[in-house]
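Work through the exercises below with the coordinates open. Try each task before reading its solution.

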Amino acid sequence: MSISDDSRAAVGEGAGGDHAAAARAAADARPGDGPPAQRPPLERPRACIVSGVSAGLAAHLGLPLGLVRALFVGTSFLWGAGALLYAWLWVFTPWADAGEGEDAPTRRAPVAWILTGVACASMLVTLAGVALFGANGVVFGPLTPWVQGVFVTTGLAAAAGVWATLVDRRDVARGPRHETTVRIAVTAVLAILLIAQLASLQSTGAAGFLLAFVPIVGLALVYSSTLIGKWRELTGERVRRIREEQRAEMAAHLHDSVLQTLALIQNRAGASTEVARIARAQERELRAWLYDGDAPADSDLPTDLRDYAAALELDYPVRIDVVSAGLPAERASGEVAAASREAMLNAARHAGGEVSVYIEGNAAAVDVYVRDRGPGFDLDAVPADRLGIRESIVGRMRRAGGTATVRRGASGGTEVHLRFATDANGAEGRRG
């Protein structure tokens, strides 16, 4: 073999190796070999047009939304298969989890008004059929137009009223006023249909008399949906009452057992020991769970200071009692809360032992007293470079439009008094 033949063979082997490596890389990169892609869960979005079934199914299958809707419509002509599947998914597919600020689902399409409008059109056609039959006795097919129209109009009107009560009432975009308006409209439609039936009894005979009961049944369906809503409210109220009774029984049992044990541990161990601090924290958490209910943790000033006191008791050998009188309007995010926390931190860090926090508030002002039983000090004797009290407490309250005083207690210790007026002179806007 010549040198050129050897070179061509080597080149061929190199090219073949490159092709083999590329084939192996392509095989490794095939989608079937990797982990399967996670599909989003099958759930209906809370902001939808009617029910959110098509949007949820399209997101779950990864298909275009228009294609899913077209499939539902197309298969509905196959003995109603698409409509049955849609209804089945509507019943058994859950709503998506509510995000921040979301509550009940909302629908963009005014379904109740659409049904009411179609019911009005059907009523006009039915009235024309009644008049035509009464004048000429004309019969088209096995059923006259007025017989068909009575059933169609009644069904549409009843569906509109039931939808407005059971579905739209919980929609924040519509509500009870929308329900009342729709109910009045469908009642008028069914009442006109009933009057027309009764007025034509001479020409329609016994058939007209029997058909007059159809609008009456429709009216019963419209107003029976209100009873269903009331039944739901009564059921929810009953469940809440049962939960409150169980919570009260549990609170009484825990108060007589666990809370008494925690209080005994604190009294025997002393306020400055680690065991007493842990027992105190557990007692505070248990009392908050039993008696505070579902109140937000940072909704107001007393709740915020109680939570902060619990955190300080875990870090310092201190016991802090927070007592509130009245209804202070100050929120947890205000300057009074920040200054109060700083005063409590200073008392826990430098005094220890027992600290009392008293909050007194009304619509005009809020006062916070933080008292400790430490050695006490004079504010004027604190070095000028120590800015914790001067700026974080006194200066903060002065900038917010309030006042702060620091003085020795009558029986030792230190008392910090914070006062903030909540009148209409602009103080409310200076809190932030």
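Rings of Phe, Tyr and Trp (its six-membered ring) pair if their centres lie within 6.5 Å; planes under 30 degrees apart count as stacked, over 60 as edge-to-face and the rest as tilted. The model is predicted, so local features need pLDDT of at least 70 and side-chain atom pairs count only at pLDDT 80 or more, while totals for chains, interfaces and linings use all residues. Residues are numbered from 1 along each chain as its sequence is written, and side-chain values use heavy atoms, with hydrogens and water left out.

**Exercise 1. Aromatic pairs**

Find how many aromatic pairs the structure holds. Then classify the pair F72 and Y86.

Solution. Step one: the structure holds five aromatic pairs. Step two: the ring centres of F72 and Y86 are 5.2 Å apart and the planes stand at 90°, so this pair is edge-to-face. F72 sits in helix α3 (residues 65–75) and Y86 in helix α4 (residues 81–92), so the contact ties together parts 14 residues apart in sequence. Helices (H or I, at least four residues) and strands (E, at least two) are DSSP runs, numbered from the N terminus.

Step four: check the cover. Buried means under 20% relative accessible area, exposed over 50%, and partly exposed in between (1.4 Å probe, protein chains only). F72 has 9% relative accessibility, so F72 is buried. Y86 has 21%, so Y86 is partly exposed.

**Exercise 2. A second ring pair**

Classify the pair W90 and W163, and say where each ring lies.

Solution. The centres are 5.8 Å apart and the planes are at 65°, so W90 and W163 are edge-to-face. W90 is in helix α4 and W163 in helix α6 (residues 145–166); the pair links distant parts of the chain, 73 residues apart. W90 is partly exposed at 27%. W163 is buried at 11%.

**Exercise 3. The strands around β7**

Solution. Two strands pair if DSSP finds at least two bridges between them. β6 and β7 form a hairpin with five residues between them, and G412 in the turn has a positive phi of about 95°.

Now check the cover of β7 (residues 414–421): six of its eight residues are buried.

**Exercise 4. Salt bridges**

Count the salt bridges. Then trace those of R183, R341 and R371.

Solution. A salt bridge is a side-chain nitrogen of Lys or Arg within 4 Å of a carboxyl oxygen of Asp or Glu. The structure holds eight.

- E179 and R183 meet at 2.3 Å, N to O. Both lie in helix α7 (residues 176–199), four residues apart, about one turn of the helix. E179 is buried at 4%, and R183 is buried at 15%.
- R341 bridges to D304, with the closest N and O atoms 2.6 Å apart. R341 is in helix α13 (residues 335–351) and D304 in helix α12 (residues 301–315), so the pair ties together parts 37 residues apart in sequence. R341 is partly exposed at 22%; D304 is buried at 14%.
- R371 and E415 meet at 2.5 Å, N to O. R371 lies in strand β5 and E415 in strand β7, so the bridge ties together parts 44 residues apart in sequence. R371 is partly exposed at 34%, whereas E415 is buried at 9%. Salt bridges that share partners join R371, R407 and E415 into one network.
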